[in-house]
Amino acid sequence: MALITIRVNGESHQFEEDQEVPLLYVLRNRLRLTGPKFGCGLGQCGSCKVLVGDVAQFSCLVPVGSVVNQEITTIEGLQSDTGEWHPVQQAFMEEQAAQCGYCTGGMIISAVALLRKNNQPEDAEIREALNGNLCRCGSQARVIKAIDRAAKADK
Amino acid sequence: MKAENSHIVKAGRRDFVRQLGTLVVGFPILSWNNPGEVIQDLKLPGSLSRHPSLDAWLEILEDNRIRVFTGKIELGQGISTVIRQVAAEELFADIEQVEVVVADTGRTPNEGYTAGSGSVKGSAMSVRYAAAFARKKLCELAAAKLGLSDDQLILQGGVVSHKSSGKQIGISEILNGQQLKTEIELPVDLVSQENYRYVGTDVRHKAMESIVAGKPWFVQDLFFDGMLHARVLRPTTFGQILPDLKPEDGKGFPLEVEVRRHGNLLAFVSEHEYQVVKAYNRVRSMISIPDSGTSHGDLRDRMAKFETENEGQLSPLENLDEQDLTWVEGSFYKPYVMHGAIGPACGVAHYDGTELTIWTHSQGVYPFRSAVSAMLDLDEENIRVIGVPGSGCFGHNSSDDAAADAAVLALLYPGKHIRVQWMREQEHAGEPYGSAMRMDVRAGLRGDGTVATWQAGIWTDSHSTRPNSDAGTLLTARHLPKPKPMSGRGYLRGGVRNAEPYYHVGMTEIQAHFFEGKQRVSSLRSLGAYANAFAIESVMDEMSMLAGMDPLDFRIKNLSDKRAIAVLEKLKATTDGMQLNDDEGLGFAFCRYKNNDAYCAVAARVKVDNHGQVEVEELWAVLDAGEVMNPDGLINQTEGGMIQAASWTLMEQVTFTSEMTTSRNWGTYPILRCPDVPMVHVDLIRPAGVPPLGGGEAATPPTPAAITNAVFRVTGKRIYDLPIGTVSLDG
């Protein structure tokens, strides 16, 4: 056990925890941020993704002790303080780019990470950015359209 | 361990086309409260006839809002949105005034399973009739209460107004806080199509806001104070008895986890979820896994060895007086395929000493309750099952089993909420799969390009072992201290769904052979239709070439149903004149789902490289699902159905040895990833004045042959075995 401080969605949290505990369990059970989902625990499916700084990472693999004092953003932290949707969230709604929605949070996080480093992605770049995110309902075609829409809206 | 054996059922033509509960709906003209054209001689829609009391379907709330109950669960298919649309429509309400309560044995009617593309026909149509009848009753009551004639009253937005005096009364006040308890009777006046405000439009799913905001929405997100987390280890190999292992037997720090052996299950329980996961993983890693290589490949041959005396070789049909037929033969194979929900199954249960409450994403809360009752010897009256959305699944997956795990543990920990989530490995290796199938087809073509005869031998395991009053339908029950194995074989005939071609065929003979493999099987999107349409549409493609005809024209020539012809003609217009490179091909397929529901034609444009790697670049579907409640919702389902079926067709098969299933995560059972997902296009044909046909699964059956037929056009290689994998370009 160690005293750990992490910053999530702009707020600091301090608690006693084993450093090796994956960030996902801290977010879901301690901070009650259930946007990131358990999908595989193996870094294969992407439903647990969160932003660490500007990079989308598998929170099921990241030990909480390794992200101390880094800026973590979950899907819950994307809306502005005044409640405005992030352009990617807005585009997902406009395209109705989900079915069951279990993978959607992770998809949006990957898309936000992409657009932060490349705000005019080509189709192939969008697809590659989502390579680590699985969807079983077959919403990918809409997800790709939504990200393209968000990129264009953001210009 | 299950024995592999075979049963033969010979079925005549009629058996395959018989379908219960066909509904014919008229669309009367309605001007507000006055009867329009009244529906006569019709039965109430399926669920409504079993639950005819109005208050089973809707409640009027104090603020004149309307709460609607459906026994179907929201799986991402959008049924709750469709229910809101039809309720708002018939009650002349604003859609924001309508809320929907889904599957809950404590609140909603028993509508069986959410399955088979039946929710619009069953539940949405029931709500439509109930809401229309409620409108009529509310207006009658308002007239009596106000002492006015009901033809002077207008209902809008939960308020009844009198035309001339402007008097108003809310629908809640009309009822004095009571509910409408009368039985729904025909005739019922339904809003006519030209007056629709919501039905037939793209109403967005309310859930989308919660989903993109990351708000708790899924059963996986439920939280209760003092809730205990659990993982339940079960046999890893076929027929294994779990060794008595504890986490402290392994290396590492001690864990604050309680380990309970319960029959052939090992439960790990703690308030701290990750401790539970660690304990599970530690014990799991101590169980040795036999290494005996993959051996699934021989199943194709083994299936056909399950012969019976009735079967024999398929031979030309007796009394066939036609000569000079050109025969096309093929033996097709489809492996076990999984649901592969992205979120492993999860259930929460609580037992207070008398009442057991279970939160689950089961597809049938009432049948699941029966199974739990039989498993625990607990009266159904003392069990409440509450449906909560879960990760997308496409039939009967492990949702029920995870909830059953939680129920068993809840009885061991009274007063505590127990949350069980399966591990990825359990989900992959433990869910019930869609059965492997073999389809041997022999068809005779006349010189004029018409199909004279069709024979098919089909080998299949069961296609539904869904929970019911047999406790053994729950995996958990089979491993309890007093094991309760499954007694029956479930619904076998799913294997012959769409086995009979929808085309005009002179003579048809279908023989079904039911084998029982070691793999656990149950219903998966479209059941046997996916495999059967793959075989039929491959043979049709072959015959179109022998007939020297365009593949779409050939199909049209052999169809008489105008709506079937219309989807094919539309697809032809869409794809006509498409420019293709040398390494690209275009393939087509058609299927009328269940030979009775939606019509769907699919085209695939594929590219095959020099190494035989197949890329599906683009898919088009033309769909006629009759009346469409929410076009964008149906398009979304159709796009998803094609993408999912493309993944099955290109790369998916459950692998196993004689000891165990070896598909245990997304590495050993991969699915299509975003870089390889095709572009998809859906055209809806929406004829006026026709009832809704189940459409959510209609794109699944025609997709595989559209892809393999396209592969044939590029390579000259006919694909008989799925998945395609890499096409052998030799020879």
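Predicted model: local features only at pLDDT ≥ 70, side-chain atom pairs only at ≥ 80, totals over all residues.
Colleague: What makes A:C137 a residue in no disulfide?

Modeller: For A:C137 the nearest cysteine sulfur is that of A:C100, at 3.8 Å.

Colleague: How do you know whether A:C40 and A:C137 are buried or exposed?

Modeller: Buried means under 20% relative accessible area. A:C40 has 6% and A:C137 has 3%, so both are called buried.

Colleague: Why is the pair A:D123 and A:R127 called a salt bridge?

Modeller: The closest N and O atoms of A:D123 and A:R127 are 2.9 Å apart. The rule asks for a side-chain nitrogen of Lys or Arg within 4 Å of a carboxyl oxygen of Asp or Glu, so the pair qualifies. Both residues belong to helix 4 (residues 123-129) of chain A, and because they are four residues apart there, about one helical turn separates them.

Colleague: What makes A:D123 partly exposed and A:R127 buried?

Modeller: A:D123 has a relative accessible area of 43%, which falls between the 20% and 50% limits and is therefore called partly exposed. A:R127 has 10%, which is under 20% and so counts as buried.

Colleague: How do you know that B:R664 and B:E425 tie together separate parts of chain B?

Modeller: They form a salt bridge, with the closest N and O atoms 3.0 Å apart. B:R664 lies in the loop between helix 15 and strand 22 of chain B, whereas B:E425 lies in helix 11 (residues 424-430) of chain B, so the pair joins parts that are 239 residues apart in sequence. B:R664 and B:E425 are both buried.

Colleague: What makes B:R713 and B:D541 a link between distant parts of the chain?

Modeller: Their side chains meet in a salt bridge at 2.6 Å, N to O. B:R713 is in helix 16 (residues 702-715) of chain B and B:D541 in helix 12 (residues 529-546) of chain B, 172 residues apart. B:R713 is partly exposed, with a relative accessible area of 32%, whereas B:D541 is buried, with 1%.

Colleague: Which residues and elements make up the contact between the chains?

Modeller: Chain B contributes 62 residues and chain A 50 residues. The area buried between them is about 4,700 Å², of which carbon and sulfur atoms give 55%. In chain B, B:V212, B:I342 and B:C674 lose the most area to chain A, together 15% of what that side buries. Between the chains, 26 residue pairs are in polar contact. Among the elements of chain B that give two or more residues to this side are helix 6 (207-213) and helix 7 (273-286). Helix 15 of chain B gives the most, with 10 residues. By class, this side of chain B has 30 nonpolar, 20 polar and 12 charged residues.

Colleague: Why is B:H350 called buried?

Modeller: B:H350, in strand 12 (residues 346-351) of chain B, has 17% relative accessibility. That value is under 20%, so B:H350 is classed as buried. The side chain of B:H350 reaches the backbone oxygen of B:G415 at 3.5 Å.

Colleague: What makes A:Q57 partly exposed?

Modeller: A:Q57 lies in strand 4 (residues 55-58) of chain A and has a relative accessible area of 29%. This is between 20% and 50%, and therefore A:Q57 is called partly exposed. Leaving aside neighbours within four places in sequence, A:Q57 has contacts that include A:C48 and A:V62.

Notes. Residues numbered from 1 in each chain as written. Chains lettered and ligands numbered in written order. Heavy atoms only, no water. Buried < 20%, exposed > 50% of the residue type's maximum accessible area, 1.4 Å probe, protein only. Contact = heavy atoms within 4.5 Å. Buried area = accessible area lost by both parts, 1.4 Å probe. Polar contact = N/O pair within 3.5 Å; in protein donor to acceptor, adjacent residues only side chain to side chain. Nonpolar A, V, L, I, M, F, W, Y, C, P; charged D, E, K, R; others polar. Disulfide = S-S within 2.5 Å.
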